[in-house]
Amino acid sequence: MVTPSYNQGRFLEATLRSVHDQGYPNLEHIVIDGGSTDGSVEIIRKFEHRLAYWVSEPDKGQTDALIKGFSRATGEILAWLNADDLYEPRTLWEVAEFFSGHPDVQFVYGDALWIDTEGRILKPKKEIPFNRFIWLYDYNYIPQPSAFWRRELYEAVGGLDPRFDLAMDADLWIRFADRTRPVHVRRIWSRMRLYPEQKNQRLRAVSDQEDEIIRRRYLPDEPVWQRRLKKVLAKGIRVGWKLFRGCYW
């Protein structure tokens, strides 16, 4: 479990507690801080006796921090939890039980809840099973903090790509999907914060550019009208599927 952080002191303690209050015995938690100046280090020190490793030093950004963290990880199951997100109680237990009971599954994701800066629930993010057409033509709907995978899969695809600073998860998911089918479990495993200062909100244009680079690797060279038509179709299928499964409430 890797937690990258940079000046997220207002959320960091709640994030770390959501991991360690679960009491999961086989946890290897690594915190990579980018040299925060907002009191984050003092918060990390409160938990250092529970951490496998932590460091606070300048880095090249979130993806660099994650790569650094995963390079030190030794566990069989990998994941990351950003410093402003939370795990639901018993998430780690449920994930471990799932992988133990499904030795053929390499990549699994659950559902999530959107929350605000105060931790109030905004709306659910209940999802559908992985569908490549929908994922490529609509958007990356896999909730990152609710995603877990086996070490051998991460190593087989070469890990995270340092070229991506915002869509690094989307790039990793689709490379996972090139090798194995992502499995969806209808369990809420995390809470994701949504607020204006959030990196993906502030830098949406950059995120969209990275997303386009990823999709360009897979989508055929086709007329603009055809791609737009497929986007509408993919979104329609996704929304209809979510309505059928009761994902909006």
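Predicted model: local features only at pLDDT ≥ 70, side-chain atom pairs only at ≥ 80, totals over all residues.
## A three-stranded sheet

Let's start with an open sheet whose three strands line up in the order E1-E2-E3, with parallel pairing. The edges belong to strand E1 (2-5) and strand E3 (53-56); each has a single partner strand, so one side of each has no neighbour in the sheet. On average, neighbouring strands here are turned by 10 degrees against each other, ignoring direction.

Look at E2, which covers residues 30-33: four bridges link E2 to E3 in the parallel sense. Within that pairing, Val31 sits opposite Trp54 of E3. Helix H3 (residues 62-72) packs on this sheet and touches E1, E2 and E3. The direction of H3 makes about 150 degrees with that of E1.

## Strand E9 and its partners

In general, strands of a sheet pair through backbone hydrogen bonds, and they can do so parallel or antiparallel. Further along, strand E9 (residues 183-193) runs antiparallel to strand E5 (residues 86-87), and two bridges join them. Here Leu86 has Arg191 in E9 as its bridge partner.

With strand E6 (residues 107-115), E9 pairs in the parallel sense, over seven bridges. Ile115 faces Arg193 of E9 in this pairing.

You'll find Tyr248 in the segment after helix H10 (224-245). Is Tyr248 buried, partly exposed or exposed? Its relative accessibility is 36%, so Tyr248 counts as partly exposed, since that class lies between under 20% for buried and over 50% for exposed.

Definitions and conventions. Residues numbered from 1 in each chain as written. Heavy atoms only, no water. Pairing = 2+ DSSP bridges. Axes fitted to C-alpha atoms, helices over the stretch in contact; angles between N-to-C directions. Contact = heavy atoms within 4.5 Å. Buried < 20%, exposed > 50% of the residue type's maximum accessible area, 1.4 Å probe, protein only.
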